[in-house]
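Here is a friendly tour of one model, with its charged pairs and one of its sheets as the stops. Please keep the viewer open as you read.

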Amino acid sequence: MHTFRFWALLCCFLCFKLSEVVAQQNLSTTNKKAINAYQDGLQALQERKIDEAFQQFEEAIERDHLFAEAYYQLGRLYEQNRQFGNAILNYEKSYNVKPEASTSSNALQFLGALYMRKGDYTKAKAYLELLLPRIPPANNLTIQKIKRSITNAEFAIKAVEQPLDIKPNFLPNSVNAFDTQYFPTLTADRETLIFTAQNHSNRDENLYVAQWKDNQWQQAKGISEQINTSQNEGTASISADGRTLVFTSCGGRNSIGSCDLFISYREGNDWTKPVNMGQAINSGEWDSQPSLSADGRTLYFVSDRRGSIGKRDIWVSTQDSTGQWKKAQNLGKNINTAEDDLSPFIHANGQTLFFSSEGLAGMGGLDLFMSQKQGNDWSVPQNLGYPINTQDDQVALFITADGQKGYYSLEQDTGERYKKAKLVEITLPGSLQAKIQPTTFLKGIVTDAQTKQKLSAELELVALNSSQQVGKFVSDAQTGQYISVLNTSGEYALFVNKKGYFFKSLHFDFKQNQALDKTLDISLEPIQKDAKEILNNIFFASGKWDLEPQSAIELDKLCLLLKNNPSLTVEISGHTDDIGKDADNLVLSQKRAKEVMTYLVNKGIPMSKIKAVGYGKTQPVVPNSSDENRKLNRRIEVKFL
């Protein structure tokens, strides 16, 4: 977490090294009493007597108001105590009273960093530009870092002049109930929110879940005793349907490295015992910050393992045809830099990656970026802009499936030892929404049509324009619930199968530029005498009886059902609306039924098992009172005889 990173830097400042003291032999003063006080202050630092060091450096300045090194040491002490205003004041005095002093370069470096942290990029740039020519050419790494900081300052100055129109809204106290909460992730229907939280009193990270009900977020609760332990659990990712969870656990749980990724599955209202994802995913190092694709078959995460391009890199693994995870691969140089690259989030569309990076031009520290998948590679990352990115580290962002809302943690500096972070929601500006291909979801509950019992059934989603399967999933055995994400508009067929039941065939059309999310509850009819089902994905041209090519998908499933149940005898019936002459409608319905029968016979179904009949307009399922109703009445039905 970024708060730890910040404090680690401060701890480094506390470690005054003797070599630095020795390097300051050419002091900017000849006042012996000032020098004595200064040296006493350095000695106090070596002995970690911070209050005494303050007093001695202040006395040295009283003895000589132009004592540059004493101002510099006071600046460091104030910075360590998070009194950044006083730190800047003393660093500036240190440089201004004697620019050629031995500490001037360090003062300029800290001034550049503090003004970047403060968000005063103009001053940060000015001090860094003063620093750059002072660095010896041999120190190429330092020169490159300073140049990158100057580039960041220049980028930030322009970004602040062109702010995005966003207004972060804090989530209610039912969610923001802890000292710190971060790394939010939601299901595709935006009704389940999972996040990491901790209280500063025990520093124990755990996962929490909140449900959207009655138009508000309910009280957050620990996700499960199966998942939360006395160890640290956090930075989780949930699949679109809310039934697969990958999270980080550090220490214990038979870990391979210092932190490992674990997977758990929701069954009804609880979660299975987490399982280590194994050596294809985890290494002997640090592995964390997972992001699952919508279908749960691709996993992005962060690791500092060998083979990384920078300090911490983003890696990816996919499942093979048997559901096993393949060996993780580095995401490559288009994403990973020589610095930290963290907190990946793959959008539900499977094409847009959001992540945090310290190695790309930004506002300083860690900024959020986005990149689009291009074949096997990624586009040049784009900074998300100000004020999504600020002078503070931004490390995690979740974008809803429709591409309209964003969730992230916003730090609050209360002056205490630990910063606090609360979850916020934003509406993405149009300029960002335009870069994200929105997705929609289809959700519902599968039940037995007779008993209303919840069923675990296999659902298959097929794009009719290409006859390609775009999703295959199973409804929950206890709740009957399912959710699937759709990435493109167009016509779809949904087939629902369960042994002992007649398969369900549904047809729907997701059109562009409409509210696309759909809720579709499904009732399956047990295979029994006189049970009947409409075949919703049988297509004919208007007034014709020749089958359209896309009808083959459903007819092949009917063939499979009949072959798997050879004792079944069925009636194929054709039906029309009330437009046209009754006699013509009757003939048309008979010819369409016979066309379906012929298809089945050609696929190996005995003709003796099939009866084809046309009923014309005589058996409407709804009144022929509208075009929509007439469309429903034009149908092919199957009835078990």
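## About the model

This is a predicted model, in which local features need pLDDT of at least 70 and side-chain atom pairs count only at pLDDT 80 or more, while totals for chains, interfaces and linings use all residues. Residues are numbered from 1 along each chain as its sequence is written, and side-chain values use heavy atoms, with hydrogens and water left out.

## Salt bridges

The structure contains 23 salt bridges (a side-chain nitrogen of Lys or Arg within 4 Å of a carboxyl oxygen of Asp or Glu). One of them joins the side chains of Asp189 and Lys443, at 2.9 Å from N to O. Asp189 sits in the loop between β2 (180-186) and β3 (192-198) and Lys443 in strand β24 (residues 440-448), so this pair ties together parts 254 residues apart in sequence. Helices (H or I, at least four residues) and strands (E, at least two) are DSSP runs, numbered from the N terminus. Asp189 is buried at 11% relative accessible area, and Lys443 is buried at 16%. Here buried means under 20% relative accessible area, exposed over 50%, and partly exposed in between (1.4 Å probe, protein chains only).

Asp287 and Arg305 also meet through their side chains, at 2.6 Å from N to O. Asp287 belongs to strand β12 (residues 287-292), and Arg305 to the loop between β13 (298-303) and β14 (313-318), 18 residues apart. Both residues, Asp287 and Arg305, are buried. Elsewhere, Arg148, Lys311 and Glu339 are linked in a network of salt bridges.

## A loop-to-loop pair

Asp577 forms a salt bridge with Arg634, with 2.7 Å between the closest N and O atoms. Asp577 lies in the loop between β33 (570-575) and α12 (582-602), and Arg634 in the loop between α13 (627-633) and β35 (635-640), so the pair ties together parts 57 residues apart in sequence. Asp577 is buried, with a relative accessible area of 7%, whereas Arg634 is partly exposed at 42%.

## The open sheet

Which strands form the open sheet, and in what order? Four strands do, in the order β32-β35-β33-β34, with mixed pairing (two strands pair if DSSP finds at least two bridges between them). At the edges stand β32 (532-535) and β34 (610-614), each with a single partner strand, so one side of each has no neighbour in the sheet. The twist averages 25° from one strand to the next; axes are lines fitted to C-alpha atoms, for helices over the stretch in contact, and angles run from 0 to 180 degrees between N-to-C directions.

β33 and β34 run parallel and are joined by five bridges. Glu571 has Lys611 as its bridge partner in β34. α12 packs on the sheet, touching β33, β34 and β35, and its direction makes about 160° with that of β34 (contact means heavy atoms within 4.5 Å).
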